[in-house]
Amino acid sequence: MSDEKKKSNVVKLTPAKAKKASERKWGKPVMDLGFCIVPSLLFRAQKRLHLKPRHLGVLVQLLDFYWEEGRYPYPTKETLAGRCNMSPRQLQRIIAEMEEEGLIKRIERHHAGTNGKIANIYDLSGLEAKLKELEPEFTEVKKKAKAQRKDVALPGHKMRNQLKKASSAKAGS
């Protein structure tokens with residue numbers, strides 16, 4: 001069999017168009033370094049959750065360590081503080097504020113042999129519960145907005161007629 005025939009039988013399994021959207025957006029080398037899944041509701045409900053930007057920054061860093069359900073993150077204070085560009089003491093204050101809001105809970109860990117302290121576990125079940133509690137309300141608003149967008153596209157929609165009347169009244173003045 002000639003080389004020409006061998007080449008014609010080759011089937012490309014991953015055409016350029018099949019690249020992941022994230023790779024097209026950020027580039028494969030960037031995505032190869034990893035990614036973090038953050039629910040959009042966390043951002044949309046930021047004010048409702050009483051999260052200041054510094055809280056959100058720390059939470060996003062914690063979420064980057066949260067890979068498996070039920071296995072909460074346990075980065076060291078130094079690692080988290082360094083990633084957030086703050087001192088370990090600032091980080092402790094921010095975490096304490098989020099604990100007061102019921103979003104996270106620090107669980108101290110100690111080395112079995114020496115009883116020396118090791119990195120805390122950060123239990124995020126409070127944040128998970130609050131997001132699940134807020135979800136129905138945000139879903140309802142999203143459904144209403146979708147229905148409204150669909151409705152406004154229909155001929156004779158009352159709002160469109162009101163806008164026409166308002167613009168013709170302005171033109172007449």
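Which exposed residues does the face of H6 turned away from its buried side carry? They are Glu78 and Gly82; exposed means over 50% relative accessible area, buried under 20% (1.4 Å probe, protein chains only).

This is a predicted model: local features need pLDDT of at least 70, side-chain atom pairs count only at pLDDT 80 or more, and totals for chains, interfaces and linings use all residues. Residues are numbered from 1 along each chain, and side-chain values use heavy atoms, without hydrogens and water.

**Helix H6**

H6 spans residues 77-84, with Leu80, Ala81 and Cys84 buried. Down the axis of H6, these buried residues fall within an arc of 95 degrees, so they line one face of the helix. They pack against H5, H7 and strand S2 (117-123). Contact means heavy atoms within 4.5 Å. Just after H6, Asn85 takes a positive phi of about 60 degrees.

**H5 and H7**

The axes of H5 (residues 53-64) and H7 (residues 88-100) come within 10 Å and cross at roughly 95 degrees. That makes H5 roughly perpendicular to H7 (65 to 115 degrees). H5 contributes Arg54, His55, Val58 and Leu59 to the contact; H7 contributes Leu91, Ile94, Ile95, Glu97 and Met98.

**Aromatic pairs**

The whole structure holds two aromatic pairs.

| Pair | Centres | Planes | Class |
|---|---|---|---|
| Phe65 and Trp67 | 6.4 Å | 50 degrees | tilted |
| Tyr66 and Tyr72 | 5.4 Å | 35 degrees | tilted |

Phe65 counts as buried at 19% relative accessibility. Trp67 counts as exposed at 62%. Tyr66 and Tyr72 are both buried.

Technical notes. Axes are lines fitted to C-alpha atoms, for helices over the stretch in contact, and angles run from 0 to 180 degrees between N-to-C directions. Helices (H or I, at least four residues) and strands (E, at least two) are DSSP runs, numbered from the N terminus. Angles under 35 degrees count as roughly parallel, over 145 as roughly antiparallel, 65 to 115 as roughly perpendicular and the rest as oblique. The arc is that of the directions from the helix axis to the C-beta atoms. Rings of Phe, Tyr and Trp (its six-membered ring) pair if their centres lie within 6.5 Å; planes under 30 degrees apart count as stacked, over 60 as edge-to-face and the rest as tilted.
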